[in-house]
Amino acid sequence: MVKTFLPGDLSTMKVIDDIYSKLSENVLKEIQGEQLQCKYKNDTIFLDTKEKIKTFLLSKNFYEYKFNEEGNFYQDLIYLHGNIKVDNLLSGNTDSEEIKVFLRKYPKEEYGKEYDILETGYKGKKISEIRQQENDSFPESAKYQLIKKAFDYGKIHADDRNSILNAMDVPVCPYCNMNYTMKYGKERNAADIDHFYIKSRYSQYALCLYNFVPACPVCNSKLKGKKDTTRQTHVFPHEESFGKEAEFEILNLIELSSGKSEKAELKLINHGNNPKIDNSVETFKINELYDFHSSYAKDLLDKVWIYNDSYMEEL
């Protein structure tokens with residue numbers, strides 16, 4: 001995974017400023033008369049003006065804006081591991097750290113109504129079953145509904161999407177570093193916009209400029225899909241890369257050099273045992289993608305052996 005290296009401060013570009021001025025006005029209309037409050041570092045912020053909304057949407061550290069409804073009970077519930085049983089949540093009798101964290105965050109004495117709904121309607125089911133059948137029918141708080149409506153990604157039109165991708169000017173997908181994501185035609189772009197913090201769970205960040213990663217359709221739709229990625233769990237291309245922490249190695253070098261094998265076995269080695277790298281490699285199937293192109297590695301090795309130092313000196 002590579003860092004995106006965006007061209008300077010995007011927010012100073014006229015095309016971006018125009019798009020986000022319009023978006024901020026639209027968001028303000030949605031929350032008119034409502035008090036949309038969040039925490040930014042240690043300060044309480046009210047998003048009650050166009051300028052404040054625009055500042056949030058264009059912030060490079062948008063993820064530090066913490067909204068009151070970010071920990072919505074039902075949204076967190078359906079993102080638990082699919083094999084978890086509702087009965088374990090209700091009884092609290094479990095060794096699962098994930099369930100313990102959920103119960104600490106949502107104690108029964110404070111969320112009795114929500115646990116009663118689970119008791120009467122979902123007892124005996126697994127989270128995976130609830131996720132498939134009931135995702136859209138869970139009750140949500142008015143504030144959470146307001147956040148989803150105000151920051152609806154549908155507010156960005158197709159032309160604006162292409163303009164944003166062209167302004168970012170990222171030629172290759174940062175996740176796989178293989179597929180092109182460049183501009184083509186008059187104003188089109190071959191990339192998808194991936195929401196690093198997925199919009200289905202983090203509705204508040206659905207319009208944030210730096211939550212957008214120009215990604216190839218394979219990485220965005222086929223591999224990542226609705227998997228949850230955060231700065232704590234995965235490498236964030238706007239800030240990080242694998243760098244020299246992870247490098248490809250050929251596992252069967254001896255067999256290749258002796259002619260016993262015709263295919264290079266590639267694997268990305270995580271030298272620093274960084275869990276974020278491991279998670280990113282798994283999510284985007286990096287080893288599987290590059291194994292498909294292992295013939296290139298074999299060709300490079302052949303050239304190294306043919307055009308060795310002695311041959312180069314003779315030339």
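User: Which residue forms a salt bridge with Glu30, and how far apart are the closest N and O atoms?

Analyst: Glu30 pairs with Lys149, and their closest N and O atoms are 3.9 Å apart, where a salt bridge is a side-chain nitrogen of Lys or Arg within 4 Å of a carboxyl oxygen of Asp or Glu. Please keep in mind that this is a predicted model, in which local features need pLDDT of at least 70 and side-chain atom pairs count only at pLDDT 80 or more, while totals for chains, interfaces and linings use all residues. Residues are numbered from 1 along each chain as its sequence is written, and side-chain values use heavy atoms, with hydrogens and water left out.

User: Which parts does the pair of Lys149 and Glu30 tie together?

Analyst: Lys149 lies in helix 8 (residues 142-150) and Glu30 in helix 1 (residues 14-30), so the pair ties together parts that are 119 residues apart in sequence; helices here are DSSP runs of H or I with at least four residues, strands are runs of E with at least two, and both are numbered from the N terminus.

User: Is Lys149 buried or exposed?

Analyst: Lys149 is exposed, at a relative accessible area of 52%, whereas Glu30 is partly exposed at 28%. Buried means under 20% relative accessible area, exposed over 50% and partly exposed in between, with a 1.4 Å probe and protein chains only.

User: Which residues are linked with Glu30 in a network of salt bridges?

Analyst: Lys149 and Lys155 are linked with Glu30 in such a network.

User: And how many salt bridges does the structure hold?

Analyst: The structure holds 14, including one between Arg104 and Glu97, with the closest N and O atoms 3.3 Å apart.

User: Switching topic, where is Thr94 found?

Analyst: Thr94 sits in the loop between helix 4 (86-91) and helix 5 (97-105), and it counts as buried because its relative accessibility is 17%. Its side chain reaches the backbone nitrogen of Ser96 at 2.9 Å, and, leaving aside residues up to four places away in sequence, Thr94 touches Ile99 and Lys100, contact meaning heavy atoms within 4.5 Å.

User: What is phi of Asn273 near?

Analyst: Phi of Asn273 is near 50°, a positive value in a residue other than glycine. Most residues other than glycine have a negative phi. Asn273 is in the loop between strand 9 (266-270) and helix 12 (275-283), and it is exposed at 61% relative accessibility.

Note on methods
A polar contact is a pair of N or O atoms within 3.5 Å; within protein, one must be able to donate a hydrogen and the other to accept it, and residues adjacent in sequence count only if both atoms are side-chain atoms.
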